[in-house]
Amino acid sequence: MRRWPWPLRWGARVLALMLALALVASLWVVWTVRRSFPDYDGEVRLTGLNASVTVHRDGYGVPQIYASSSEDLFKAQGYVTAQDRFWEMDFRRHVTSGRLSELFGETTVETDKVVRTLGWRKIAERELALLEPETVRLLEAYADGVNAWLKHHPDTAGQSLEYSVLGLQRSGYRPERWTPADSVAWLKAMAWDLRSNMDEEIGRALAGTGLPRERVDQLYPEYDDKRLPVIVASDEKSGEKPASTTEQAPARALSGVLETIRAMPESMGNGASEIGSNSWVVSGSRTATGKPLLANDPHLAPQMPSVWYQAGLHCLTVTEECPYDVTGFTFAGLPGVVIGHNQRVAWGFTNLGPDVTDLYIERVDGGNAEYKGEKEPLQIRKETIEVAGGENVELTVRATRHGPIISDVLENPGKLVSGPTEAIAMRWTALDPGRTADAVFKMNRSTDWKSFREAASAFEVPSQNLVYADVDGNIGYQSPGRIPVRSKGDGTRPVPGWDGEHEWKGFLSFEELPSIQNPEKGYIVTANNAVVDSGYEHLLTKDWAYGYRADRIDELLEGDAEIDVAGMAKIQLDSRNGFAPTLVPHLQRVGSGLKGVELLKDWDFAQPTGSAAAAFYNAAWRHLLLRAFDDDLPEGARPDGGDRWFEVVRALLEAPDDPYWDDTATPQKEDRDTILESALRAAADELTDLLGDTPSEWRWGDLHTLTVTNQTFGTSGIGVVERLFNRGPLNLAGGQSIVNATGWDAQKGYAVDWVPSMRLVADLSDFDASRYINLTGASGHAFSDHYWDQTPLWAEGRTISWPFTPARVKKDSRHTLTLTP
């Protein structure tokens, strides 16, 4: 056999070497990725257990834990959650303690400054002293389980792929032991995510820096409780409602507050344009089974892995000593179940959104703030932020009697104005220690309406709408939370901190908060709409969602007298745009003959992924908002496109010469029809550029996409790293202020920034017939089979079986792990 010429021989050798190196590299990558995958089968010794614990997992990796004692149960929950999500847990506790820079260096210093200023970790540590001894005992058991997992996995590369990536820039990091305060602190992060009307308060103030009060008020219409639904109707006469303050906050300080908010991670809602959730409960008198049905889909910023972690927690024998038999959704790092059901009751949450934050304009001079004509010393503390790969950052936190000063958190101390100046401090209920952790455990073991309401009375922050159902056929609604009573003002604008006239006098008692049981109509709908009408004697807030989702859910429930689980799930996917019937006739009137307008002729106002009409309508809506309002409003007050803007534009459509229609950037005066026509032309031009020249081929889903982004390395800016952890894009139906609430921000485009973070339907006639879906999957390990196995189903609107009884759990089990003493 003839030998190859030497150039070919050397070329072959080089190629073989390159292939060998590529194979080794590939094997190393596979080994690195897979070495952190947990064992779902077999037996593991867990120090401190009193008896063996069994963990069944179904085909989606969702754990169902069976134990003989409460302490063993929650110790096992800690261990199992760490198996799936420890990196996420470790990241979250760095968020809540203002220590992200210890992991990621100088890129996260601003976030740490904000969190240190708010003092979440210190508050969580103080809360532990207020909690019931049983709660503390179970928090400690959970922490013991997490720490047992850490002991079994001492090498960070064996804990999660993220630690291997982190090691490329920050070597030598070792996670600390888990503590009960780590669990409790995450409740502060969720309270921030659901922080009621602070954004509206800032928006009003920013708008007021350039517009008279009456024009600002046009942008925040009163809730029309005669046309839009309320949750609990009032028969009382309306008491005198407090008036808004007239003090205007300084623009510089307001800009500082806006920067402070935006420094927080997008996974906590700062990149999203609309907050909300849907939850409703239907009495057995209106269901096919004769027993209640309960649905819930909380709307939160999307993240990978999902903010939710699903688990079942079961005492082998339910007794007073071991009272837990519960399954549902919780947060990785928090013991118990936050939303779900036990053997007798089911519950769901939406954001109540009461006004629990106030911004105070403070007159500051040096180390003092003015109060009632006197100088009052500021509360000052020093914080040191450790920065990986850089120098430590020293932070001075200043606070007045009203709370931390947040208007200059991110400013260089050397650039702060010397001498007397005005700053903004924040009063917020979440900055006072509370007992919400008690409420979680109490809900998990509640057995009826009375014990459920007792649990709700401890749920202080964040205030939520709670819907309830039980196996005896009862349904109910309860508002919980610490809601302030003000001596003056209505919480809609920043108030003077120096005059002593705008203090919090106390909080509404639990008995004063709205509640209803077994209403005559047979169902209760909560979708962030007004809880009460104008007859309610107390002030909860003036900034509700405007009821479009609630009204649509109410309409669909009213039309189905024998609804079943499938019917409840179908409502969750409803994509009808509630404002389109109002706006479309005006678009057709001014746009006859314009490109794209013909798509609106027979449109049913639904927004599925394949709708050309929905694509064109939403583009026209976006450009209408940009043209009508952006010239009048500063950044931070401009329209995002949610249902408040539905109401604003509804009124303006009846006022064709209102000043908002005029574009102040042009010499001529525009009116309503000029702006509508301009928006239609801009929409057609944009969609032609993005989707092609044929309107009938435009698709809403091609515009309205979601990339599920890892909350840490998913925004690294390094493409190969982002591809390891992110998934998508997905083409989605729905939209802003629609029941299928896939939100987007008109200022940024059509990309999805707010989603139903999970969906569930609980069947009180047969818990095994209940259904659920999570945004991602049970696992936080990239490339695990359960990292995003639920995501395609979620995007399609499908759900998964939710087994509960021991026989059904065992039948659906694909893996069994035994934890032994």
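This is a predicted model: local features need pLDDT of at least 70, side-chain atom pairs count only at pLDDT 80 or more; totals for chains, interfaces and linings use all residues.

Trainee: How far apart are the sulfur atoms of Cys 315 and Cys 322?

Mentor: A disulfide is a covalent bond between the sulfur atoms of two cysteines. The structure holds one disulfide, and Cys 315 and Cys 322 form it. The angle about the S-S bond is -85°, and the link is left-handed. The sulfur atoms of the pair lie apart by 2.0 Å.

Trainee: At what angle do helix H2 and helix H8 cross?

Mentor: Two packed helices are described by the angle between their axes and the distance between the axes. Helix H2 covers residues 70-96 and helix H8 residues 180-193, and their axes come within 9 Å. The crossing is left-handed. H2 and H8 are roughly perpendicular to each other, and the crossing angle is roughly 65°.

Trainee: Which residues of H8 meet H2?

Mentor: On the side of H2, the contact involves Arg 92, Arg 93 and Thr 96. The residues of this contact divide into three nonpolar, one polar and three charged. On the side of H8, the residues are Asp 182, Ala 185, Trp 186 and Ala 189.

Trainee: How are helix H16 and helix H19 oriented to each other?

Mentor: Helix H16 spans residues 580-591 and helix H19 residues 672-691, with their axes 9 Å apart. They pack at an angle of about 85°. Angles of 65 to 115 degrees count as roughly perpendicular. The orientation of H16 and H19 is therefore roughly perpendicular.

Trainee: How many charged residues does the contact of H16 with H19 have?

Mentor: H16 contributes Leu 583, His 586, Leu 587, Arg 589, Val 590 and Gly 591, while H19 contributes Arg 672, Asp 673, Leu 676, Glu 677 and Leu 680. By class, five of the contact residues are nonpolar and two are polar. The number of charged residues is four.

Trainee: Is Glu 686 buried or exposed?

Mentor: Glu 686 lies in helix H19. Beyond residues up to four places away in sequence, Glu 686 touches Ala 619, Arg 622, His 623 and Tyr 750. Its relative accessible area is 18%, so Glu 686 is buried.

Trainee: Why is helix H15 largely enclosed by the rest of the structure?

Mentor: The buried residues of H15 are Val 565, Gly 567, Met 568, Ala 569, Ile 571 and Gln 572. What covers them includes strands E4, E5, E27 and E28 and helix H14. H15 is largely enclosed because the buried residues number six of the eight.

Trainee: How many residues of helix H4 are buried?

Mentor: Helix H4, residues 109-118, is mostly covered. Among its buried residues are Asp 112, Lys 113 and Arg 116. Gly 119 follows H4 and has a positive phi, near 75°. Of the 10 residues of H4, the number buried is nine.

Trainee: What is the relative accessibility of Leu 775?

Mentor: Leu 775 lies in the loop between strand E28 and helix H22. Setting aside residues up to four places away in sequence, its contacts include Pro 302, Leu 706, Val 755 and Trp 794. Leu 775 counts as buried because its relative accessibility is 2%.

Trainee: Which residue is joined to Pro 462 by a cis peptide bond?

Mentor: Pro 462 is found in the loop between helix H13 and strand E17. The cis bond has an omega of about -5°. The residue joined to Pro 462 is Val 461.

Trainee: What is omega for the peptide bond from Gly 728 to Pro 729?

Mentor: Pro 729 is found in strand E25, residues 727-731. The bond from Gly 728 to Pro 729 is cis, and its omega is near 5°.

Trainee: Is Lys 372 buried or exposed?

Mentor: Lys 372 is in the loop between strand E11 and strand E12. Although Lys 372 is not a glycine, its phi is positive, about 55°. With a relative accessibility of 55%, Lys 372 counts as exposed.

How values were computed: Residues are numbered from 1 along each chain as its sequence is written. Side-chain values use heavy atoms; hydrogens and water are left out. Axes are lines fitted to C-alpha atoms, for helices over the stretch in contact, and angles run from 0 to 180 degrees between N-to-C directions. Helices (H or I, at least four residues) and strands (E, at least two) are DSSP runs, numbered from the N terminus. Angles under 35 degrees count as roughly parallel, over 145 as roughly antiparallel, 65 to 115 as roughly perpendicular and the rest as oblique. A crossing is left-handed if the near helix is turned anticlockwise from the far one by less than a right angle, and right-handed if clockwise. Contact means heavy atoms within 4.5 Å. Ala, Val, Leu, Ile, Met, Phe, Trp, Tyr, Cys and Pro count as nonpolar, Asp, Glu, Lys and Arg as charged, and the others, Gly among them, as polar. A disulfide is a pair of cysteine sulfur atoms within 2.5 Å. Buried means under 20% relative accessible area, exposed over 50%, partly exposed in between (1.4 Å probe, protein chains only).
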